[in-house]
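Work through the exercises below with the structure in view, trying each task before reading its solution.

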Amino acid sequence: MPKFYSGAEIVFKCLEDQNVSHIFGYPGGAVLPIYDELKNFNSIKHILVRHEQGAGHAAEGYARSTGKPGVLLVTSGPGATNAVTALTDAYMDSVPLVCITGQVPTHLIGTDAFQECDTTGITRPCTKHNWLVKDVNDLAEIMHKAFEVATTGRPGPVLVDIPKDIQFQKSKYKNFKNNKKLNGKSHDNYSQKNIDELINLISKAKKPIFYTGGGVINSGTKASELLRELVYSTGFPITSTLQGLGSFPADDNQFLGMLGMHGTYEANNAMYSCDLMINVGARFDDRITGKIDEFSPKSKKVHIDIDPSSINKNVKVDLAIVGDIKSVLTSTLKTLKKSKNNFSKSNKHQISNWWEQIQKWRSKRSLDYIGSEETIKPQYAIERLYELTKDKDTYITTEVGQHQMWAAQHYKFNKPNRWMTSGGLGTMGYGLPAAVGVQIAHPKKLVIDIAGEASVLMTMQEMSTAVQYNLPIKIFILNNEYMGMVRQWQELLHDKNYSESYTAALPDFVKMAEAYGCVGIRAKTPEELDDKIIEMLNIDRPVIFDCLVDKQENCFPMIPSGKPHNQMLLGPKDQKEKKITGKGRTLV
Amino acid sequence: MANSKSAYSFAGKKQKPDTHIIVVWVDNEAGVLARVVGLFSGRGYNIESLAVAEVDQKQNISRITIVTTGTPQVVNQIKLQLKKLVPVHKVADFKREDKNVIFKEMALFKFVANNGKLNKAFEACKNFNPVILDKTNKSNVIQITALRREIDTMSKNLKKFGLVSVSRTGAVAMTRGSEIFK
């Protein structure tokens, strides 16, 4: 006689079989049967958040720092709609999430029942796929398929909507994992001919550059190792997108820093002037390309990506290699070694002029800023934070805005999966819950959320979660009392009309920390900054660090709206000379 | 680059848009049409017409035929995005001018007029396989199959013969010859 399990039990049996150890969630009427089963499954720990958006971002932080899918469990109606921001965020940044939502009982669907919403309808455009479970006999297969879809191909969020009556109904359980070929839409679709062509381009290039993105990190730590090997064995310069930071060591001489709107002068100019661009797991996002007609006009472009729809979407490329980065890089290295042993030495002369040119751009020192002895410059705060934490294996999350860009520019990442930030969607409030998720996954590691005071208030309630689970996350707030990036754009584009970008009534973050039961620290001057940071690092509890920084500082360098890579604003002086006019003003 | 998603492409080089017929084979499950149509509206692609029905009852496969206009780049994106949807099995794409593909739409015309006009109306339809589906002494319903533009013209020209109501399907497509699309 086969054993019969309730739908709720089947959910947990699937999670067990998928080796899920943590789920982030918030109970409610339509998921109560599932919550009732939690006690019978000891291998799965539930983290109670304070808002479903927090559950989503925490699951994202968990997923991005481990490479495993993040799981969240929320109720119907508002539970599901609150999770939508996090699902969209994960969709844009290719983060594998499995979201389980409760739904009103099957017979009430469509009646506008209490806490009913069309969850699968609402989340259809922000998930890779979603399912409404109408028959308990389908539940196990759907659950396993959900994990398969979330983690294969280009990763992303999926959602399984389970009506309450299905959670009570009984069925047999079958482990569908690895049972049959599931439709995760994985595309390893390239040939040795493509690789040979790439090697040919590499051997001919006089001004080459690697442009790498989050795909390298999503492909696993091995992909980052292979990337390093390839970059070293070619001697080519490399630049990275915001999401790709960490896949190549930032303190290496071949690394030109981040590219794009707030990227370095050398990275953007190299992108503009190169004759061979090798895009590895990036997607020619508009923050990267600048004005698309003048994007890298003279280069041959190679695009390595697992998602066929990313090829030729924004920028037409000369050679497309559709496949998993790890597998493509393995083949490339193998072919390179076979055909051109010791390539970096034999090719050194061919690209020496290029490196000379890059050094000239580098000498502009585009990340420099004007220091101050009275006020803490935000860049200085990040620099000091980096210097004082670089010997630890530190995980950094951020919110969205100026502080995020300064963190990307001035914090140097040497390992993948150490940098969690909301890039595609740009979700303010991402960093704090993400830090919760990262700390859950890495209880012994130092986890810092580099935050802005406006962003962090959007999900501040998750401090309560951090306190409940003794998660010693550090919330490092660069407090300039403004929505800094909004203020910067208003300064540059709207004649300094700072419409609604100043927060006139901020809470006292130190007292707030105390109210949450954690520790608050405030730094006001550059002189005391180091001591305060060290104080923060020595506390084994959650800390809110209120770093009062220069209120007027802008984030440079910057490619202004509607301009190509070679027309960057380097600092306040440029800002006056190259005023943004005309159509550029209408862009985001 | 006409519908490029980049915020920077305001002065993009314009490619010429073409009319394409996209045929999609999907699992006939709840919400699948919404996924396909939502992809079009969400990404700003347009739909001129749409025809969908189950074609394989055993395997629950539906065939969706969509007529759309777009630049080569946009049409390519449509195909690649459609292929990413989990319930999608395969995607075919034909240009409207393609001589190897048959496109047909069906229309039902209702005429209310005297016998003379009704006869003239039937006469006018004779190039498009007209079938009289219903007839009374002051009205009839005629079914025709034709191309979209032909039906457009017909429904304009037939007004004078008492055309009062038009119902038409989206285009369906089939390749000529013995080959099938794999």
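**Exercise 1. Describe how helix 3 (residues 52–66) of chain A packs against helix 18 (residues 431–441) of chain A.**

Step 1. In this predicted model, local features need pLDDT of at least 70, side-chain atom pairs count only at pLDDT 80 or more, and totals for chains, interfaces and linings use all residues. Residues are numbered from 1 along each chain as its sequence is written, while chains are lettered from A and ligands numbered from 1 in the order in which they are written.

Step 2. The axes of helix 3 and helix 18 of chain A lie 6 Å apart, at an angle of about 45°; axes are lines fitted to C-alpha atoms, for helices over the stretch in contact, and angles run from 0 to 180 degrees between N-to-C directions. Helices (H or I, at least four residues) and strands (E, at least two) are DSSP runs, numbered from the N terminus.

Step 3. Because of that angle, helix 3 of chain A is oblique to helix 18 of chain A, given that angles under 35 degrees count as roughly parallel, over 145 as roughly antiparallel, 65 to 115 as roughly perpendicular and the rest as oblique.

Step 4. Among the residues that meet are G54(A), H57(A) and Y62(A) in helix 3 of chain A, and P433(A), V436(A) and I440(A) in helix 18 of chain A; contact requires C-beta atoms, placed from the backbone, within 7 Å. By class, this contact has 10 nonpolar, six polar and one charged residues (Ala, Val, Leu, Ile, Met, Phe, Trp, Tyr, Cys and Pro count as nonpolar, Asp, Glu, Lys and Arg as charged, and the others, Gly among them, as polar).

**Exercise 2. Which element gives the largest share of the side of domain 1 of chain A that touches domain 3 of chain A?**

Step 1. Chain A is divided into domain 1 (4–172), domain 2 (192–362) and domain 3 (378–548), with bounds from an automatic or database domain assignment.

Step 2. The centres of domain 1 and domain 3 of chain A, taken over C-alpha atoms, are separated by 29 Å, and their contact takes 25 residues from domain 1 and 26 residues from domain 3.

Step 3. Helix 3 of chain A gives the largest share of the domain 1 side, 11 residues.

**Exercise 3. How many helices and strands does chain B have?**

Step 1. Chain B has four helices and nine strands, running β-α-β-β-α-β-β-α-β-β-α-β-β from the N terminus on.

Step 2. The mean pLDDT of chain B is 90, where pLDDT is the predictor's confidence in each residue, from 0 to 100.

Technical notes:
Contact = placed C-beta atoms within 7 Å.
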